[in-house]
Amino acid sequence: MQNTALVALDRSHLIHPVVNFRAHEKRGVTILESGHGAYLRDKQGNELLDAFSGLWCVNTGYGQESIIRAATEQMTRLPYATGYFHFGSEPAIRLAAQMIELTPASLQHIYFTLGGSDAIDTAIRYIIHHSNSLGLPQKKHFISLERGYHGSSLMGSGLTAIPSFHLNFDVPTANQHYIASPYPYRNPVGHDAGAVIQGSTDALRAKVQQLGADNVAAFFCEPIQGSGGVIVPPAGWLKAMSRTCRELGILFVVDEVITGFGRTGPLFACEAEGVEPDLMTVAKGLTAGYAPMGAVLMSDAVYNVIADSSPDSPVGHGQTYSAHPVSAAIGLEALRLYHEGGLLANGQAVAPHFEQGLRDLMQHPLVGDARSKGLLGALELVADKASKRRFDPSLKLSERIAEIAYRHKLIFRAFGDNALGFAPALCYTDAELNLLFERLKAILDEVLGLPDVRRSL
Ligand code: PMP
């Protein structure tokens, strides 16, 4: 079908995630047609360098033949096996065992979901069950970070602290609360790592005290806040939050949906900090985006409370596609590629180049902050570097930057407040990173040349 016909059909019928509906109707869809390695090709034949791994998920890059083979073999043998009624499948069990092996030692049980949002929702449901099973029905308050993103399920969207996810959706609910993001660049205490960490632990303590320690079930956080603008807390922050949760007697839930699977260097960000969470959520890189899948991992302690709670009743939580065998087969092959396939090692090898490239752009007149960890990074554009003044939202700069970037054949994420997010695949070469920064520099120069941008400086 022709591009124009597809655009018209899309405009009439297809609702896209997280767009302004009217703005999307006006702009129309960009149809992606194929991908190979770090590159995507659109319906009009443009070859685009993908510096965002799809939606920070295609960590292996596109066109990995061995993943395609694993999926095809599993689909041919058995395309579906339910996990209900005590059934299961070999790839799901093997993937479960590997995930337990690879994640922090505290995590001994895993439930597979379809993605990150339902992993978060599943974690919340299990935590509620856990509180009730402990005979602590009042222990149902949840705390997360401002700028946090924990998906868009009914409950998870309330732990997400990004305004558009709340507007007209009646969240957060009365039992969902936030503390300030560590956000070093804009933290009132400045970049001082100790002060940033102290600020977060103090804020968590104060919030728990305000709500009553007996009423708080859990604290959720991302090791690096992704959709909130790639906020990189100082080393030691995650560990300090974990310790504080333990002291306060609340569950510590780490959302590694973005940071997992080599994105920040090690397989999981928890590893670098030696953190042992009570629960952990993953998705995205688990199947590298080749099929939908996420998971919730939990400790023995949490599992056993739920397991022993109601001897005569099933734990009523399930989805038709939990532990889907094709997704599980893909997950197994993705894990093999990260390790034996050398992707983790390659990601670690090229990460310093990526980090240096972002840091070098601090010289650019528009760039106020450059931050990154592994292959996850951002630039924050400001109208004035000294005061860190943001551009006026009426300029709609982020949307315009995304369009300019597209013309320069580079895909990244332009966040609402002019942070530009990058998450190149772990297969990136130095040559591809050079191309990324060459195009990015040209994009920033073009943005700098816009008359209304110049007037704002
Ligand atoms: N948690 C985090 C940290 C995420 O970044 C995301 C997705 N960007 C989610 C949860 C939700 O995952 P999904 O979009 O797969 O539902």
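Biologist: Where in the chain is the place of lysine 396?

Modeller: Helices and strands are DSSP runs numbered from the N terminus, a helix (H or I) having at least four residues and a strand (E) at least two. Lysine 396 sits in the loop between E12 and helix H14 (397–407). Residues are numbered from 1 along each chain as its sequence is written. The model is predicted: local features need a pLDDT of at least 70, side-chain atom pairs count only at pLDDT 80 or more, and totals for chains, interfaces and linings use all residues.

Biologist: What pLDDT does the chain average?

Modeller: pLDDT is the predictor's confidence in each residue, on a scale from 0 to 100. Here the chain average is 98, and 100% of the residues score at least 70. For the complex, the predictor gives an ipTM of 0.99 and a pTM of 0.98.

Biologist: Where is asparagine 168 found, and is it buried or exposed?

Modeller: Asparagine 168 lies in the loop between H7 and E6. Its count is 6 other C-beta atoms within 10 Å, so it is exposed. Asparagine 168 also has a positive phi, about 70 degrees, although it is not a glycine. The loop between helix H7 (156–159) and strand E6 (176–179) also holds proline 172. The peptide bond joining valine 171 and proline 172 is cis, with omega about 0 degrees.

Biologist: How many residues surround the ligand?

Modeller: A residue counts as near a molecule or strand if its C-beta atom, placed from the backbone, lies within 6 Å of it. The shell here has 15 residues, the closest being Gly115, Gly116, Ser117, Gly151 and Val257. Helix H6 (residues 116–133) gives the most, 3 residues. For classes, Ala, Val, Leu, Ile, Met, Phe, Trp, Tyr, Cys and Pro are nonpolar, Asp, Glu, Lys and Arg are charged, and the others, Gly among them, are polar. The shell holds 8 polar, 5 nonpolar and 2 charged residues.

Biologist: Which residues is aspartate 118 in contact with?

Modeller: A contact is a pair of residues whose C-beta atoms, placed from the backbone, lie within 7 Å. Leaving aside neighbours within four places in sequence, aspartate 118 contacts Thr113, Ser153, Gly294 and Gln319. Aspartate 118 belongs to helix H6, and it is buried because 24 other C-beta atoms lie within 10 Å. Its C-alpha atom is separated by 6.6 Å from that of serine 153, 35 residues apart along the chain.

Biologist: How many residues has the largest nonpolar core?

Modeller: In soluble globular proteins, nonpolar side chains tend to be buried together. A nonpolar core is a set of buried Ala, Val, Leu, Ile, Met, Phe, Trp, Tyr and Cys residues joined through C-beta atoms within 7 Å. The largest one here has 130 residues, and Phe219, Ala295 and Leu410 have the most contacts inside it. Helix H12 (residues 325–338) supplies the largest share of this core, 9 residues. Not counting residues up to four places away in sequence, phenylalanine 219 touches Ile143, Leu204, Met241, Cys245, Ile250, Phe252 and Val253.

Biologist: How is the chain divided into domains?

Modeller: Domain bounds come from an automatic or database domain assignment. Domain 1 is 31–63 + 342–456, and domain 2 is 66–338. Their C-alpha centres are 27 Å apart. The contact between them takes 28 residues from domain 1 and 23 residues from domain 2. H13 gives the most to the side of domain 1 that touches domain 2, with 5 residues. By class, that side of domain 1 has 13 nonpolar, 9 polar and 6 charged residues.

Biologist: Which residues is glycine 347 in contact with?

Modeller: Glycine 347 is in helix H13. Outside four places in sequence, its contacts are Gly262, Gly374, Leu375 and Leu426. Glycine 347 counts as buried because it has 25 C-beta neighbours inside 10 Å.

Definitions and conventions
A residue is buried if 20 or more other C-beta atoms lie within 10 Å of its own, exposed if 12 or fewer, and partly exposed in between; C-beta atoms are placed from the backbone. Two residues are in contact if their C-beta atoms, placed from the backbone, lie within 7 Å.
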